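Subject: Structure for you to look at

Dear colleague,

My notes on what was found follow directly below.

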Amino acid sequence: LKKNLRDMTSWNHTVVTYFQFSPFSSIPEIQGSLFCLVLLMYLSSLVGNILIIMITMVDAALQSPMYFFLKNLSFLEIGYTSSTIPKMLVNFFTQRKGISFLGCATQMYAFSVLGITECCLLSAMAYDRYVAICHPLRYTTMMSWNKCFLLSAVSWLIGVLVALGQTTFIFTLPYCGPNRINHFFCDLLPLLKLACVDTYKNEITTYIIAVLFIMVPFLLIVVSYVQILHTIFKMPSAGGKRKTFSTCSSHLVVVTLFYGSGIVTYLRPKAFYSSSSNKLLSLSYTLMSPMMNPLIYSLRNKEVKQALKRLIAK
């Protein structure tokens with residue numbers, strides 16, 4: 001009994017101070033090509049989102065609630081990609097592909113804050129489109145600047161508080177080895193697998209948070225677009241239908257990209273969980289979606305294209 005107690009005491013004091021990431025690919029020959037591809041996508045995302053922020057700040061024609069939310073979304077996307085991708089790029093060519101315990105907690109917190117905030121902000125953008133299309137005469141009163149700032153602030157507050165609780169919940173668990181994360185960043189589910197205790201309650205809490213702060217905003221978006229489509233279908237002219245739908249089609253594409261990969265990653269059953277597919281899905285919503293958003297909004301939005309031309313001309 002005394003020996004068992006001594007073993008338990010020494011086990012409890014053996015803590016992980018450093019996490020090791022597994023390589024993104026097990027084929028060494030393609031590491032260089034993967035690095036160039038990820039770097040190109042990351043730089044494209046940064047340039048595109050910075051351009052969106054610039055034109056929505058300086059162009060007088062884009063001073064409306066819709067572009068205020070778009071500017072916030074681009075700012076979120078820059079932080080979202082920068083919380084994970086630079087470390088991933090460094091790890092491509094370093095022998096010790098890892099991160100400190102504190103660095104891992106910081107990365108997860110930043111990633112969670114920005115991800116949850118983006119979920120809430122996308123639902124606020126859907127509400128803005130709903131008011132603009134379904135209640136156009138009351139748009140200026142229902143979407144005042146005070147309300148826009150409030151919706152944005154509430155989105156950030158929810159992200160900060162939920163991510164703080166979630167990160168604290170994960171990093172107060174005992175980690176005594178192994179310390180190899182089967183991922184390219186500190187994500188929830190791969191980290192839970194390394195804990196030295198039963199994580200059933202933590203997994204249930206993670207699913208509850210995912211349902212509340214991924215699915216609830218998504219359902220609000222769905223309800224908004226059901227109302228929007230109902231209003232569009234009642235319009236008499238085909239030209240009016242196309243023009244009205246074009247004002248919200250970009251946002252709809254962005255929501256599909258972001259939520260599609262996010263829901264499959266965090267809400268699929270454990271029986272369908274695979275580390276390789278999880279990495280690809282994570283790369284989709286951490287890099288592909290932020291890179292595509294500026295292209296979607298600039299290519300499908302006439303006002304943004306005109307503002308971009310004016311900015312280039314200046």
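Tyr-285 touches Tyr-80, Phe-111, Phe-185, Asp-187, Phe-258, Ser-261, Gly-262, Thr-265, Tyr-266 and Pro-290, when residues up to four places away in sequence are not counted, a contact being heavy atoms within 4.5 Å. Tyr-285 lies in helix H11, which covers residues 275–300, and it counts as buried because its relative accessibility is 2%; buried here means under 20% relative accessible area, exposed means over 50%, and partly exposed lies in between, with a 1.4 Å probe and protein chains only. Between Tyr-285 and Gly-260, which are 25 residues apart in sequence, the distance in space is 8.7 Å from C-alpha to C-alpha.

Please keep in mind that this is a predicted model, in which local features need pLDDT of at least 70 and side-chain atom pairs count only at pLDDT 80 or more, while totals for chains, interfaces and linings use all residues. Residues are numbered from 1 along each chain as its sequence is written, and side-chain values use heavy atoms, with hydrogens and water left out.

As for the chain as a whole, the protein has 12 helices and three strands, where helices (H or I, at least four residues) and strands (E, at least two) are DSSP runs numbered from the N terminus. Of its 314 residues, 47% count as buried, and among the contacts between residues at least 6 apart in sequence, 79% join residues at least 24 apart. The protein chain exposes about 16,000 Å², of which carbon and sulfur atoms supply 71%; accessible areas come from the Shrake-Rupley method with a 1.4 Å probe, and for residues only the protein chains shown count as cover.

The structure holds two salt bridges, each defined as a side-chain nitrogen of Lys or Arg within 4 Å of a carboxyl oxygen of Asp or Glu. In one of them the side chains of Arg-310 and Asp-59 meet, at 3.0 Å from N to O, and this pair links distant parts of the chain, since Arg-310 sits in helix H12 and Asp-59 in the loop between helix H2 (31–58) and helix H3 (65–82), 251 residues apart. Arg-310 counts as partly exposed at 35% relative accessibility, whereas Asp-59 is buried, with a relative accessible area of 9%. Asp-128 forms a salt bridge with Arg-129, the closest N and O atoms being 3.0 Å apart, and both Asp-128 and Arg-129 are buried.

Turning to the surface, Lys-243, Lys-302, Lys-305 and Lys-309 gather in a patch of positive charge. Patches are made of residues with over 30% relative accessible area and no salt bridge, like charges being joined within 9 Å and nonpolar side chains (Val, Leu, Ile, Met, Phe, Trp, Tyr) within 5 Å. Lys and Arg count as positive and Asp and Glu as negative, while His and the chain ends are not counted, and the place of a charge is taken as NZ of Lys, CZ of Arg, CG of Asp or CD of Glu. Helix H12 (residues 302–313) gives the most to the positive patch, with three residues; Lys-302 is placed in helix H12 and counts as exposed, at 61% relative accessibility.

A nonpolar patch on the surface is formed by Tyr-200, Ile-204, Ile-208, Leu-212, Val-216 and Leu-220, with about 560 Å² of accessible area together. Ile-208 has its place in helix H9, residues 200–233, and is partly exposed, with a relative accessible area of 45%. In the loop between helix H8 (188–192) and H9 we find Asp-198, which counts as exposed at 66% relative accessibility.

Finally, Met-142 belongs to helix H6, residues 139–142, and counts as buried at 16% relative accessibility. Leaving aside neighbours within four places in sequence, Met-142 is in contact with Tyr-127, Val-131, His-135 and Lys-147, and its C-alpha lies 9.2 Å from that of Ala-132, 10 residues away in sequence.

With best wishes
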